[in-house]
Amino acid sequence: LAMALCRQILPLDQEAKQLGWNIKIGPNLRRLSALTFGIVGLGRIGTATALRAKALGFRVIFHDPYLPNGADKAVGIARVRTLDELLAQTDVLSLHCPLNAETKHLIAGRELSLLKMGAFVVNTARGAIIKKDAILTALRENRIAGAGLDVIEDEPLRSAEEASTPNLIASCHAAFCSIESKIEMRSTSARIALAAVTGQPLENV
């Protein structure tokens, strides 16, 4: 999603299929190595994302108030101590925290206004971490350059107006949906069921 936004893959695809190459995307097409990739939540998935973003050439920073000191050194990225500080530096915001009372609407109108001009937002965590009305409004008002949302608050999109929001990529909460993931889910469930009936220790209770 981040690469599709930064490299404007969908608008360019649409333009090419109209049989014209005028490249009307303007300033939204960005060079990855010139951008700062800001991660909220450096758990298992956030760490995997950080390593991939580094490999693509982004400068990577993160905010996670629950992580012990030294995690930034282990992964080789920069830590910032507050969410506001992270937002002020970020060109691509990527969310990797759980949804709970603390993180519901963690990103709303005020937080989106703190992002750098032309920033992109990616959410592959839980929909309600971002307030839906706030991000759709920010896209319509060009306060952010684009959003890639695998998850959306009160999903799916509820109206033609929501669906027509400019510079929005929505991917149907399908990030987990590969053939390989489905096989892994079935085999994991079978392994846990077998452990249950044979009296073995259980994972994911």
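This report describes the fold, cores, spaces and backbone details of a predicted protein model.

## Overall composition

The protein has 205 residues, and 40% of them count as buried. Its secondary structure consists of nine helices and seven strands. Along the principal axes, the C-alpha atoms fill a box of roughly 65 × 40 × 30 Å.

The seven strands make up an open sheet with parallel pairing, and the strand order is E3-E2-E1-E4-E5-E6-E7. At its edges are strand E3 (78-79) and strand E7 (168-170), each of which pairs on one side only. Helix H3 (residues 44-55) packs on this sheet, where it touches strand E1 (36-40), strand E2 (59-63) and E4. The direction of H3 makes about 175 degrees with that of E1.

Strand E4 (residues 92-95) and strand E5 (residues 120-123) run parallel and are joined by four bridges. Ser 94 has Val 122 of E5 as its bridge partner. The residues of E5 point in two directions: Phe 120 and Val 122 go one way, Val 121 and Asn 123 go the other way, and all are buried. Helix H7 (residues 132-140) lies across E5, strand E6 (146-149) and E7, and runs at about 145 degrees to E6.

## Nonpolar cores

In soluble globular proteins, nonpolar side chains tend to be buried together. Here the largest nonpolar core contains 27 residues. Leu 86, Leu 93, Ile 107, Leu 112, Leu 115, Val 121 and Ile 135 have the most contacts inside this core. Two or more residues each come from helix H5 (83-89), E4, H7 and E6. H7 supplies the largest share of the core, five residues.

With its neighbours within four places in sequence left aside, Leu 93 is in contact with Gly 38, Val 40, Leu 86, Leu 87, Ile 107, Leu 115, Phe 120, Val 121 and Val 122. A second, separate core has 21 residues, including Cys 6, Leu 32, Leu 35 and Val 122. Val 121 is among the residues with the most contacts in the largest core, whereas Val 122 belongs to the second core; on E5 these two residues point in opposite ways.

## Pocket and cavity

The largest pocket holds about 700 Å³ of space. Its lining comprises 28 residues, and those nearest its centre are Leu 95, His 96, Cys 97, Pro 98 and Ala 125. Leu 95 lies in strand E4, which covers residues 92-95. Helix H3 gives the most to the pocket lining, with three residues; H3 also packs on the sheet.

The count of cavities of 30 Å³ or more is one. The largest cavity has a volume of about 30 Å³. Its lining is formed by Asn 123, Gly 127, Ile 130, Lys 132, Ile 135, Leu 149, Val 151, Ile 152 and Glu 153.

## Backbone details

Glu 155 and Pro 156 are joined by a cis peptide bond, with omega at about 0 degrees. Pro 156 is placed in the loop between E6 and helix H8 (160-163).

Positive phi values occur at two residues that are not glycine: Cys 172, with phi near 60 degrees, and His 173, with phi near 50 degrees. Cys 172 lies in the loop between E7 and helix H9 (179-197), and His 173 is likewise in the loop between E7 and H9. Their accessibility falls into separate classes. Cys 172 has a relative accessible area of 74% and therefore counts as exposed, the cut-off being over 50%. His 173, with a relative accessible area of 29%, is partly exposed.

Technical notes: Residues numbered from 1 in each chain as written. Predicted model: local features only at pLDDT ≥ 70, side-chain atom pairs only at ≥ 80, totals over all residues. Heavy atoms only, no water. Pairing = 2+ DSSP bridges. Contact = heavy atoms within 4.5 Å. Axes fitted to C-alpha atoms, helices over the stretch in contact; angles between N-to-C directions. Core = buried A, V, L, I, M, F, W, Y, C linked by side-chain atoms within 4.5 Å. Buried < 20%, exposed > 50% of the residue type's maximum accessible area, 1.4 Å probe, protein only. 1 Å grid on protein atoms, 1.4 Å probe; cavity = no way out; pocket = protein on both sides within 12 Å on 5 of 7 lines; lining within 4 Å. Points joined across faces, edges and corners; volume = space filled by probe spheres on them.
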